[in-house]
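Here is a short note to read alongside the sequence and the structure. Please take the points in order.

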There are 2 protein chains.
Amino acid sequence: MKTDSWILKGMICYSKTKDELAVLENGYLICCQGILQGVYPVIPEEFRTLPLTDYGDALIFPGMADLHLHAPQYPFCGLGMDLELLEWLETHTFPEESRYQSLDYAEQAYTIFTEDLACSPTTRAVIFGTIHTPATKLLMDKLDATNLKTYVGKVNMDQNCPDCLRESDAVSALEDTKNWLLDTMDAYKNTKPILTPRFVPTCSTDLMEGLGALQKQYRLPVQSHLSENPSEVDWVRQLHPWSSCYGDVYDHFGLFGAKSGTNCPAIMAHCVYSSKEEIQRLKQNSVYIAHCPQSNTNLSSGIAPIRRYLEQGLLVGLGTDLAGGANLSMFRCITDAVAVSKLYWRLVDSSAKPLTMEEGFYLATIGGGSFFGKIGSFEKGYEADVLIADDSMIPRSSSWGIRERLTRFLYLSGEKGKLIGKYVAGVKIF
Amino acid sequence: MKTDSWILKGMICYSKTKDELAVLENGYLICCQGILQGVYPVIPEEFRTLPLTDYGDALIFPGMADLHLHAPQYPFCGLGMDLELLEWLETHTFPEESRYQSLDYAEQAYTIFTEDLACSPTTRAVIFGTIHTPATKLLMDKLDATNLKTYVGKVNMDQNCPDCLRESDAVSALEDTKNWLLDTMDAYKNTKPILTPRFVPTCSTDLMEGLGALQKQYRLPVQSHLSENPSEVDWVRQLHPWSSCYGDVYDHFGLFGAKSGTNCPAIMAHCVYSSKEEIQRLKQNSVYIAHCPQSNTNLSSGIAPIRRYLEQGLLVGLGTDLAGGANLSMFRCITDAVAVSKLYWRLVDSSAKPLTMEEGFYLATIGGGSFFGKIGSFEKGYEADVLIADDSMIPRSSSWGIRERLTRFLYLSGEKGKLIGKYVAGVKIF
């Protein structure tokens, strides 16, 4: 019997739609060869021989997809959260990222990062590395070994950044990137490369063109930053006066999702200040928006209009954006998404209804999970990404159901909750 | 030798001013009979006989004052954080508070609350109970036994609230309150009563007048809510059209701090929408503002202009406002205060500089601590409220000092930090 075929029993919940949480007490979640067969009140005859783990009163819900985080920034998360973006970059981010030139340093730092990510609620992640190919390969080695499913980007930047973090020129940057792609594209079971121009201002036209060509040649997904703060948006307009919006620059070079010539997706982090034109382009190109509520708060960026994006049917997931966000936990990310949506309603646009808990949970599971395929639900046919949560230390009223328990767990997991199990694509992580 | 005379050794930090953190590695913090004698690199001769606890590499910093929280709401914290204020009150708050009519229920719920508060970073707290005198006395019994220093209010409200939570009339409400005061005023070592009109709309003129008279007679401190959200401010204006501002109503009845006829302080939670007139009155009367950043976010209230209050020399501390805030941790409260100040800068007033980590830490220690006396610093003469934090699970760079370690601990304590010691007025809690 395959180890990724099994039955879990417990207090099951998952998003049916973004507005509806499906719950089943003492339900059975059935997985065959990594693919879920659905949730049942009684085990159907044909699955009776599968090994069963009874998690008793514990909560069982889908794994979380973190659509945007910077692995090399993990060592200083929580530092400099009272600085402004530029100070923070200069004081913490750039000096730290330059350390990954040293493989010894990378070994030490990425060991901690991958261990912590493996223990976290995240089952899938889309991750920035640094410009350093050896360190990025090391990160991929380590991530692959966790059995989490991840995309990792060697970062590209050849202008408008400190010397210690600048690729010397577009030609060598592209050659490095191509070699890295060839080395990693088929090297791993769980980890894939993703093209990663840091953001428009740090990439020369030659570099962007070359990355677009690599995208086309290898049909790769792309990740970058988009419309995070007003001065960045202005800067991009100055750098590329021909562009109709910031996203248009990525699109022009074939780095902006479906319409870029392939059906490979792109993820753009933030989208706090996307114009009407840009929103339309995000939709047309089926670009994923990685909403990073804590980072947008900590770095004084603002609040992304997620209600509007959902109303317009855009693809939205959540991101911790370590270390702009200080916390690795996607549970915290959900509660932050709900929280900032309430301030958005109060301070920016009183016609934008705040997000519900159901919507936040949906965004963290199916919303971001769909970037990876059929991920984030417990419906039949989804890959088996599962979390098991012990909330027995969180007191509860007898009148509460699974929904209330899940909600309290999301808010209080840092204090009193505990993840006791995690599966990715059917494989048990712990 | 008295048990509240001792020396602690470790990595010491505390606020010297709101802009300056004092740090001393391997320092000695000396306490005689509950009063700090200061921080020293070497133990002065006269203290050599005091018992010493060596906390090694652990961080040692002042205890935190939580200026505003609702004990009866603790059982449902984290629930309904996606509701709007009125829905939240009706769905969770009012039904829960009405349960404290039952002493059995109160026993169960307040046991959990006091145990958790004792383990939290809070050494001093100003707490709302319910309208129920027996349950409030029970809460005070339990709090007193923790050795934390607390003020507790039996809540007054006789109008504009559900029947199950309304005192039947002003006369009986005032009689109950007076009896409760006489019973509790001198009954405890660590716990004191505080007058607690819930907020202006729920208190009749007769009730407010009577509370003002009790204040004058017994020279009691007062706590209430002020200018939390725009519709509440409008409502108060309609109820008391003669008033120059919301705070003027409390002041009129002698429930608004120093100018109310005694030098007993008042605490007003929130102050998100205080007018110029109200701000001046808060200052004149030396009223404490309990800034509750997470609650103001969760309940869609807005963001209080704390930078302005600090510039104008107002008295400001922090409050978790359980269960408008979901988390009991004052560490989280500090990071939330910094975070929302950044959104305030971005979304409301770009001339209001965001709070620094130093300022957030100051507000949680000295800012709120000063409501209780000389609390929140390690300077000579302060009462010995001390926390000891093990941050050994939070990886660190060798180049970081105590400031960086403290900052990371504040942000990451939910995930990887651990409080390993706590003293209040020299008494060891754990």
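**Notes on the pocket and the interface**

1. The largest pocket has a volume of about 1,700 Å³, where a pocket is an open set of points on a 1 Å grid over the protein atoms alone, with protein on both sides within 12 Å along at least five of seven lines, a 1.4 Å probe being the test of fit, and lining residues having an atom within 4 Å of a point. The volume is the space filled by probe spheres set on the points, which are joined across faces, edges and corners.

2. This is a predicted model, in which local features need pLDDT of at least 70 and side-chain atom pairs pLDDT 80 or more, while totals for chains, interfaces and linings use all residues. Residues are numbered from 1 along each chain, chains are lettered from A in the order written, and side-chain values use heavy atoms, without hydrogens and water.

3. Of the 49 residues lining the largest pocket, S413(A), G414(A), E415(A), G414(B) and E415(B) are the closest to its centre. The helix α13(A) gives the most to this lining, with eight residues (helices are DSSP runs of H or I, at least four residues, numbered from the N terminus).

4. The contact between the chains (heavy atoms within 4.5 Å) takes 51 residues from chain A and 51 residues from chain B. Together they bury about 4,000 Å², 56% of it on carbon and sulfur atoms, counted as the accessible area (1.4 Å probe) lost on being put together, summed over both.

5. Four salt bridges are counted between chain B and chain A, each a side-chain nitrogen of Lys or Arg within 4 Å of a carboxyl oxygen of Asp or Glu. One salt bridge joins the side chains of R403(B) and D82(A), at 3.8 Å from N to O.

Methods
Buried area is the accessible area (1.4 Å probe) that two parts lose on being put together, summed over both. Helices (H or I, at least four residues) and strands (E, at least two) are DSSP runs, numbered from the N terminus.
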